[in-house]
Each structure stands twice: as structure tokens, then as C-alpha cells.
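Here's a quick briefing to read alongside the model. Keep the sequence and the 3D view open as you go.

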Amino acid sequence: MLNRTSVTEFLLLPVTDIQVLQPVLFVVFLAIYIVNVAGNAAILMVVISDPRLHSPMYFFLGNLSCLDICFSTVTLPKMLENFLSTHKAISFLGCISQLHFFHFLGSTESMLLTVMGFDRFVAICKPLHYTLIMNHRVCIQMAVTVWIFGFVHALLHSVMTSRLNFCGSNHINHFFCDVKPLLELACGNIELNEWLLNTVTGTIAMSSCFLTFLSYFYIIIYLFFKARSCSMLHKALSTCASHFLVVVLFYVPGVFVYIHPASSSSMDQDQINAIMYNVVTPVLNPLIYTLRNKEVKGALKRMISRSQ
């Protein structure tokens, strides 16, 4: 990446300006991060080690847990450091790297949720063809595709942002490095960067969101018209409820951030939304899946009993 800027570091915005709350928030976010890593790591280990969970749904769930650990690790450790530091700086290279991995993991998770929705659609609406359609090779190809596509998408952002000139203030109006607040600091023409953010990123977010909700819409319609018993309907809806809740928690705040233009008045709302999908959602995912999924809870109990 060619750096054509005089800025060597950026200063990040604190989550709050109230000094008394800094240590309290440090403890809160540290606890959230520990629960996130421990919970998602437990699901990942269970999915890998338990043969009963070697199915497409749990294969994608393992990918989601891995993404959630990495996604929050991109921003939370630096946020925790800044709670205890008076100089909330990040190097230019560190900022571009954070931006890259944030968009890489975020867009990958967005597309993975779409794949998970499609998996549930095939499992419920096409049960006789499920093993044929969602075979091991297809699952691997889907997972690799979304990871590669997410990486390439993020690479476009990081390369284009790194080539901008930053000749004014180096104070980022956000608590981590993202494209929108960095574009506010850039000098010169940013039309291509804005097009990339609004059109490419917006298309990925909106199309993934639409296709995911479409899968669940078809599932609900299918169940109400095809379910032969209340118990079958309840079981299928219960399985989909966990997925659907994760989808809502991720897409609603995430899409809101990237579908409206950048402005100083919108940044406070963007920060709240960013905390939701970058901090809160990853820690809720393992709780949602373990509390509502008997197979995962059973596998966790078996793993704990083997370790004792």
C-alpha cells in the first residue's frame, strides 16, 4: 500500500468523555470480551470434537464462532487499552490494518449468515434433497467463498483508504478505525472511496440481509402450510428462532451504519450501532445457540464430563 500522507498516527475518540466511567467501562467490556472468547471457543471445540455435530448447520456455526472471536478482537483490545490510556493513539499502519480486518470479518459474517439461512431453508423445505444439496464439498466451497470474498472486499477498502491524503486533523470521530470517519479527515477527491462504501459495501450488506430474510420468510410460509403436526412446526420454528435472532442482532445496526451518508450528527448513533454489532452481538451468539439448542447443550455437557 502506498502511503501518500503526512499523518503517522491517528487519535481515537473515547467511548465516553466521563473520566469516572472509564475504569467501570473497562471492567464491563473486558468481562464481555472474556465471555465472548470463552463462549465461542467452547462452541468451536464442541463442533470440532463431537461427531454428532458434524453436520452442515454446525459446520457453519463453527465458522460463525471463529468469526465472532476474531471480529471483536479487531477492536476490543484497543478499546480496552484506550480506557486506561490518556493518549488514545493508533499508528497509520495499525489503523489501516484494523479497518481491513474489521471489514473482512464483518462482510464475511454477513455473507455467512446468508449461507446459514440457505442451509436452514434446504433442511426444512427440501429435506429429501438436503444431504445431496448440502454435501461436505458444497459446504466447504461455500465457506471458502465467503471468506475469500470478504477478504477481497476489505482489501479494496484498505488499499483505497491508505492511498488518501490526510493533511488536516488526525482526530478520528470514532473509537476504532473505520472508512466513514477516515473519509471525513481526507483531503482531495474521495468520490471513488464513497462509491466503494455506499455501492459495493452497501450492496453486500443489503443483498445479504435480503437473501437471509427471504430464506426465513420461505421457511415460515412453508411450515405454516406444510407442517403436519404442531410438534413438527414448533421444533422447526425453535431451530430457526436462534438463527433469526442472531441475524436481526447483526444486520439491523450494521445495515443502518452503512446505508446513510456520513455526517457529524450521525456519528454518535453510528458508535452505538457499532458497539451493538461489534461487541454485544458476538457475545450473545454463543448464549443464544447454547440456551436454545439441545444438541449443543448436550455436547457441552459431554465435553465437560469427559474433562473431569
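A quick word on burial first: a residue is called buried under 20% relative accessible area, exposed over 50%, and partly exposed in between, using a 1.4 Å probe and protein chains only. What you're looking at is a predicted model, where local features need pLDDT of at least 70, side-chain atom pairs count only at pLDDT 80 or more, and totals for chains, interfaces and linings use all residues. Residues are numbered from 1 along each chain as its sequence is written, and side-chain values use heavy atoms, with hydrogens and water left out.

**Overall layout**

- The chain has 10 helices and 2 strands, where helices (H or I, at least four residues) and strands (E, at least two) are DSSP runs numbered from the N terminus.
- Out of 308 residues in the chain, 50% count as buried.

**A nonpolar patch on the surface**

- I140, V144, I148, F151, V152, L155 and L156 make up a nonpolar surface patch, and together they have about 550 Å² of accessible area.
- Patches take residues with over 30% relative accessible area and no salt bridge; like charges are joined within 9 Å, and nonpolar side chains (Val, Leu, Ile, Met, Phe, Trp, Tyr) within 5 Å.
- The accessible areas come from the Shrake-Rupley method with a 1.4 Å probe, and for residues only the protein chains shown count as cover.
- L156, one of the patch residues, sits in helix α5, which spans residues 136-162.
- With a relative accessible area of 41%, L156 is partly exposed.

**Salt bridges**

- A salt bridge here is a side-chain nitrogen of Lys or Arg within 4 Å of a carboxyl oxygen of Asp or Glu.
- That rule gives a count of 3 salt bridges.
- D50 pairs with R302, their closest N and O atoms being 2.8 Å apart.
- Since D50 lies in the loop between α1 and α2 while R302 is in helix α10 (residues 294-307), this pair ties together parts that are 252 residues apart in sequence.
- D50 is buried at 4% relative accessible area, whereas R302 is partly exposed at 25%.
- K78 bridges to E81, with 3.3 Å between the closest N and O atoms.
- K78 and E81 are 3 residues apart in helix α2, so about one helical turn separates them.
- K78 counts as buried at 17% relative accessibility, while E81 is partly exposed at 43%.
- R120 and D119 form a salt bridge through their side chains at 3.0 Å, N to O.
- R120 is buried at 9% relative accessible area, and D119 is buried at 1%.

**The second largest pocket**

- On a 1 Å grid over the protein atoms alone, a pocket is an open set of points with protein on both sides within 12 Å along at least five of seven lines, a cavity is a set where a 1.4 Å probe fits but cannot get out, and lining residues have an atom within 4 Å of a point.
- The second largest pocket has a volume of about 250 Å³.
- It is lined by 16 residues, and those closest to its centre are L53, H54, S55, F59 and H136.
- Volume means the space filled by probe spheres set on the grid points, which are joined across faces, edges and corners.
- Helices α1 (21-49), α2 (56-83) and α5 each supply at least two residues of this pocket's lining, with α2 giving the most, 5 residues.
- The pocket lining splits into 10 nonpolar, 6 polar and no charged residues.
- F59 lies in helix α2 and is partly exposed at 25% relative accessibility.

**Cavities**

- A search of the whole structure turns up 2 cavities of 30 Å³ or more.
- The second largest cavity holds about 50 Å³ of space.
- Its lining includes L12, P14, Q22, M79, K88 and F175.
- α2 contributes the most to this cavity's lining, with 3 residues.
- The cavity lining divides into 7 nonpolar, 2 polar and 1 charged.

Definitions and conventions: Nonpolar A, V, L, I, M, F, W, Y, C, P; charged D, E, K, R; others polar.
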